[in-house]
Amino acid sequence: MKLTLTPEEQQFRDELRTFFTTEMPIQLRDKVRAGVELSRDEMVAAHRILNDGGLASPNWSVEFGGKDWTPLQFHIWLDELHRASSPMPNTFNTTLVGPLLIEFGSPEQQEKFIPPTANLDIWWAQGFSEPEAGSDLAAVKMRAVRDGSDYVLNGQKTWTSEAHLADWIFCLVRTDPNAPKRQQGISFILVDMKTPGITVRPIELIDGYHEVNEVFFDNVRVPAENLVGEENKGWDYAKFLLGNERGAARSVRPLRMDIEKAKRAAASTLLGGRPLLEDPHFAARIADLECRIDALDITLLRVVGESSNGKPSSASSVLKLLDSELQQEVTELLLDVSGRDADPIYADGGLRTEVWTQHAARRYFNMRKKSIYGGSSEVQRTIVASSILGL
Ligand SMILES: Cc1cc2nc3c(=O)[nH]c(=O)nc-3n(C[C@H](O)[C@H](O)[C@H](O)COP(=O)(O)OP(=O)(O)OC[C@H]3O[C@@H](n4cnc5c(N)ncnc54)[C@H](O)[C@@H]3O)c2cc1C
């Protein structure tokens, strides 16, 4: 396994580093570094800067504006994005629906949707989960019934991230309730959020912010041309998309940056007259996290080195699981180090020089989601046991 960069790779890295630190406005990067929410306009502006530089969707095929990069180059791209604290490109567009339309969309759909998806002129939401269909996604019930040149949609989606910001939503719908296997009666359809009959209702999360929604469909008429691929073959497309979601390249850079923040704060926090950083229990906690982050980093590099032709590696479940656990533990550490400054009631009071402390509680609560969405930790453990360990 090679762990150092060649001169060419270093040059590649330096070019990206220059782009992210000069083209992306410092105001946006400061907000990301401090864990402050960006507005929709700010996220769109950041995405378009990346897209203008050809750096929003490098994972797409070259024909559609992507890059013919090696897995290591993708790894460097993501690492440098994080290192610069750049906002990330919109993942629903670039990792989920974009590659799906490139692989399975009709030429008309590609022509209509790919350019605005690349530039975030269309903001997509993911309409997969339903109240009784989360981990067991094949249980989706939302109906789509063909009526002339339309499908008529009735049912409910839930936990739909950013549906209140989205222009379009891609949905799994049941087109054949009598199929011999549940997976065989599902289709994949694209829906304009402005279509009459759609209601978006916010779900307030434990961090107090509005991120996820319930979406209700009441006799929503969708042109049949919005069906992706073949009717009742939607499960195949969903599996492709979920593979990309789970296998999405991960980076340990944000974890390392958070540990550095915690160490800086702990060095200036006194506990019994001594810096917290010197407390043996605290130091052991940091050391434990750093060792596990190193282990994740090496595993990630191994997976990057072993993956080929852009296909998600079977180890992606290990990465998803460990990454979720570490993200949660590191945000807990930041919360502890921030002490009472982390309580939002003190926010903007200038209690600490670093803004991130005042967002530490919100981040801690928000990160609880990590072990649920994109496949819960319990489900990942089952995949690791059966597919990797052969148990
Ligand atoms: C913040 C957030 C954002 C989300 N965004 C979206 C989105 O944009 N679009 C979308 O479609 N969905 C989204 N989701 C939904 C997410 O994918 C589901 O919540 C997830 O798949 C889990 O499903 P569930 O909530 O129905 O829980 P359930 O499947 O009911 O699971 C409940 C518990 O049982 C466990 N469990 C279930 N099955 C098994 C099993 N076979 N073996 C062992 N344990 C099991 C689970 O791990 C979990 O602990 C989001 C969720 C969250 C929390």
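For the residue classes used below, Ala, Val, Leu, Ile, Met, Phe, Trp, Tyr, Cys and Pro count as nonpolar, Asp, Glu, Lys and Arg as charged, and the others, Gly among them, as polar. Everything shown comes from a predicted model, where local features need pLDDT of at least 70, side-chain atom pairs count only at pLDDT 80 or more, and totals for chains, interfaces and linings use all residues. Residues are numbered from 1 along each chain as its sequence is written, and side-chain values use heavy atoms, with hydrogens and water left out.

**View A. The shell around the ligand.** Here 15 residues surround the ligand, and the closest are Q126, S135, W159, S161 and S376; to be near it, a residue needs a heavy atom within 4 Å. Sorted by class, this shell has six nonpolar, seven polar and two charged residues.

View B. Look here for pairs of N or O atoms within 3.5 Å. The side chain of S376 brings an N or O atom to 2.5 Å from a ligand oxygen. A polar backbone atom of W159 is 2.8 Å from a ligand nitrogen, and a backbone N or O atom of F128 lies 3.0 Å from a ligand oxygen. On its own the ligand has 980 Å² of accessible area, and the protein covers 66% of it (Shrake-Rupley method, 1.4 Å probe).

**View C. Aromatic rings around W168.** Rings of Phe, Tyr and Trp (its six-membered ring) pair if their centres lie within 6.5 Å; planes under 30 degrees apart are stacked, over 60 edge-to-face and the rest tilted. That rule gives 14 aromatic pairs. F113 and W168 are edge-to-face, because their planes stand at 75 degrees, with the ring centres 5.0 Å apart. F113 is in helix α6 (residues 107-118) and W168 in strand β4 (residues 168-174), so their pair ties together parts 55 residues apart in sequence. Both are buried (under 20% relative accessible area, 1.4 Å probe, protein chains only): F113 at 2% and W168 at 10%. W168 also pairs with W124; their planes are at 55 degrees and their centres 5.9 Å apart, so this pair is tilted. W124, in strand β1 (residues 124-127), is 44 residues from W168, and W124 is buried at 0%. Ring pairs link F113, W124, F128, W168, F170 and F188 into a cluster.

**View D. Arginines over tyrosine rings.** The test asks for CZ of Arg or NZ of Lys within 6 Å of the ring centre and within 35 degrees of the ring normal. R362 places its charged end over the ring of Y209, 4.6 Å from the centre. R146 lies over the face of Y151, 5.4 Å from the ring centre.

Terms used:
Polar contact = N/O pair within 3.5 Å; in protein donor to acceptor, adjacent residues only side chain to side chain. Helix = DSSP H or I, 4+ residues; strand = E, 2+ residues; numbered from the N terminus. Buried < 20%, exposed > 50% of the residue type's maximum accessible area, 1.4 Å probe, protein only.
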